[in-house]
Every structure is written in C-alpha cells, then in structure tokens.
Amino acid sequence: MSDDFTRIIVLGIDGLEYSLVEEWKLEYILQRAHCRTDLSDYDVVVTPPLWGSMITGKIDREVMRRWKLHTLLAGMDSMRVKLAEKLGRYLPHRPTIWVWNHLVLPVTGGNPFESTADYVKKKNLHTIFHEFEKSWTNGLPGYGRVVSNSTARELLLEAFRGNRKPYIRYAIQLYKEDRERLFSALDRDYDLIFWYTCLLDKIGHVCAGNKLEMLKYYLEINQLAKKVKKKCPDAIIYIISDHGMKPAEGAGKWGVHSDYGFFSSSTGELLSKPYHLYELLLRHAPGIRTRRRVYLNSSGPTNIRKINK
C-alpha cells in the first residue's frame, strides 16, 4: 500500500433501520453525513441481490427474477408461520419443514438464499475487490455467505412458535465471530475492508416490535463503529445497510424489511442507491487516483454528493 493511500472501511450492517439510528442519535453510525437509500430499482427487497449489487455496481435481473418467484411462494410459507405462531407446540413442526424443503423448494429451484449465496463468483462478475491491491471481506450475501441455512430456518420457526432465545443466541454468536474477524483484519494492511454482519436483521425479525430490546443491539453496533474509528482514525469509513427493519403490522414483536436502506460516511459523501457504492469505492481505488482528483475538483459523479460540515 502506498504512503499517500487512505484505507477504506465499509461496515455492512444488514437490517440497520434508518429511523432508529436517527431517533437514538447514534453518532458513530450517523458519522459526518447520513441518508436513506432508495430501493425502488429492486424488484424485491431481499438480501443477496442487494449486497451483490453493492460490489458489482449493478442489479442482476436474473437473480431478481428468481427472488420474485420465491416471494410469491413466500405467501404460502407465511401462512405456515402464522399457523405455527397460533398453534404453537401442537403444529407438527418437522413435517411442515420437510414438505417445504423437499416438495416446494426443489420444484422452484431450491432455497434462493443458498442458490444465490455465491452468484457473483459463480457468474465471474467483476467486483470492486478487483480494483484494490489488498482487499478483504468476511463474506457477503451473494458473494459467498449463506445467511439463511437450515439451522437458521429451524431456529427461526422455533422463535415463531414462541421460543426466541435459541435464535437470538445463534445471531449473537455469529456476530461475535464476525466481530473478531473484523478487528483481526484491521491489524493487517488491507486497503479495502468490507465487513458484514447480519445481527440487526436476525434480531429485528423476532424483536422489531420491542424497541428496548432492539436498543441494546443498536448500542452494540454504535460502540463497534466507535472502536473502528478509534483504531483507524485516518480511514475513510462508510456504513451501509441493504434495508431497514420495521415491526410487522398486527404481528406483535415480529419484524419485516422496510423499503429503504441506510448510508453514512466519515467524509460527507452520500449516495442515493445501494449499487452506487461501487462507484463511490471506485473513486478511491489506487488505480483510479487520477480520476478521483478530477471528481473532487468538479461537481462529482452524478450519483454521489458531498455534504460539507
């Protein structure tokens, strides 16, 4: 890494809800400038294609079509979930999972969380990681990470049946492992670090209606951002989510995806859509340094604006 190059750190927080960050004034997440992101270009607000678009700069329409089909089928699955919540332990738990996993999903191309978990690599798509000399990620949905495996699905259904604790413990353990990987990576000389956690998404799905419970985990993420800033005071830090999490209407504590995301920067830069992150990161890539100087001395790229504070 050259002496005049500034490290870029992206903290990818799945399910980070814009309205809660603002309400609780979480300054290390808000950073110098922040905004909602517009998800209207995405046919379905789901995790793998959203994160995949951030690192490729475009939405994969083939993957989106697969997810649109799954969304239609999810209506069937949501009926099963509602029955599980109402009938509790009397619903034949494992038979319903067997029917879904062995009869419904195979006919429709399988579980899309698994079939699209690595679509960026399988399609050999160009990513922002190709533009940096030394880049690191702990895995992103669409780029090697399965966020809904069989363990997660069974624990989530158990949560819907009334026992949330195992699912929450599972989410916390994943977060702790990812957090450890992040700080290990910060000790290395990577010029781009793109870290991901699904903590707020998973907790939000079962606790979005309990703001006191949610606050605990948002404070944890705020503290993590503070520690990253303290450890790397000269780094450019971007914090981004794919979508937020809001309480499901008439469903108690359960949460669903909100139709907007979150973005903040330590530099004052802002973007309007998640896939514009690729362009923003590209401005700072070592091989694009000349273009970066041109941008900073002009009005800047169409999709990126800067707030001076």
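A: This is a predicted model. Leaving out residues up to four places away in sequence, Ile239 touches Leu11, Ile13, Leu16, Tyr28, Ile29, Gln31, Ala225, Phe262, Phe263 and Ser264.

Q: Which residues have the most contacts inside the largest nonpolar core?
A: Start with the general idea. In soluble globular proteins, nonpolar side chains tend to be buried together. Here the largest nonpolar core has 46 residues. Leu11, Leu16, Tyr218 and Ile239 have the most contacts inside it. Helix H9 gives the most to this core, with eight residues. A second core is separate and has 43 residues, including Cys35, Val44, Phe113 and Tyr119.

Q: What is the order of the strands in the open sheet?
A: Again, the general idea comes first. Strands of a sheet pair through backbone hydrogen bonds, either parallel or antiparallel. In this sheet of six strands the order is E2-E10-E7-E1-E6-E3, and the pairing is mixed. E2 (33-38) and E3 (135-137) stand at the edges; each has a single partner strand, so one side of each lacks a neighbour in the sheet. On average, neighbouring strands are turned by 15° against each other, direction ignored.

Q: How many bridges join E2 to E10?
A: Six bridges do, and the two strands run antiparallel. E10 spans residues 260-265.

Q: At what angle do H9 and H11 pack?
A: The angle is about 5°, and their axes are 11 Å apart. Angles under 35 degrees count as roughly parallel, so H9 is roughly parallel to H11. Look at the residues that meet. On H9 they include Ile168, Ile172 and Tyr175; on H11 they include Tyr217, Ile221 and Leu224.

Q: How many helices and strands does the protein have?
A: The protein has 13 helices and 12 strands. Buried residues make up 53% of its 309 residues. Now take contacts between residues at least 6 apart in sequence: 77% of them join residues at least 24 apart. The accessible surface comes to about 14,500 Å², and 52% of that belongs to carbon and sulfur atoms.

Note on methods: Residues are numbered from 1 along each chain as its sequence is written. This is a predicted model: local features need pLDDT of at least 70, side-chain atom pairs count only at pLDDT 80 or more; totals for chains, interfaces and linings use all residues. Side-chain values use heavy atoms; hydrogens and water are left out. Two strands pair if DSSP finds at least two bridges between them. Helices (H or I, at least four residues) and strands (E, at least two) are DSSP runs, numbered from the N terminus. Axes are lines fitted to C-alpha atoms, for helices over the stretch in contact, and angles run from 0 to 180 degrees between N-to-C directions. A nonpolar core is a set of buried Ala, Val, Leu, Ile, Met, Phe, Trp, Tyr and Cys residues joined through side-chain atoms within 4.5 Å. Buried means under 20% relative accessible area, exposed over 50%, partly exposed in between (1.4 Å probe, protein chains only). Contact means heavy atoms within 4.5 Å. Accessible areas come from the Shrake-Rupley method with a 1.4 Å probe; for residues, only the protein chains shown count as cover. Angles under 35 degrees count as roughly parallel, over 145 as roughly antiparallel, 65 to 115 as roughly perpendicular and the rest as oblique.
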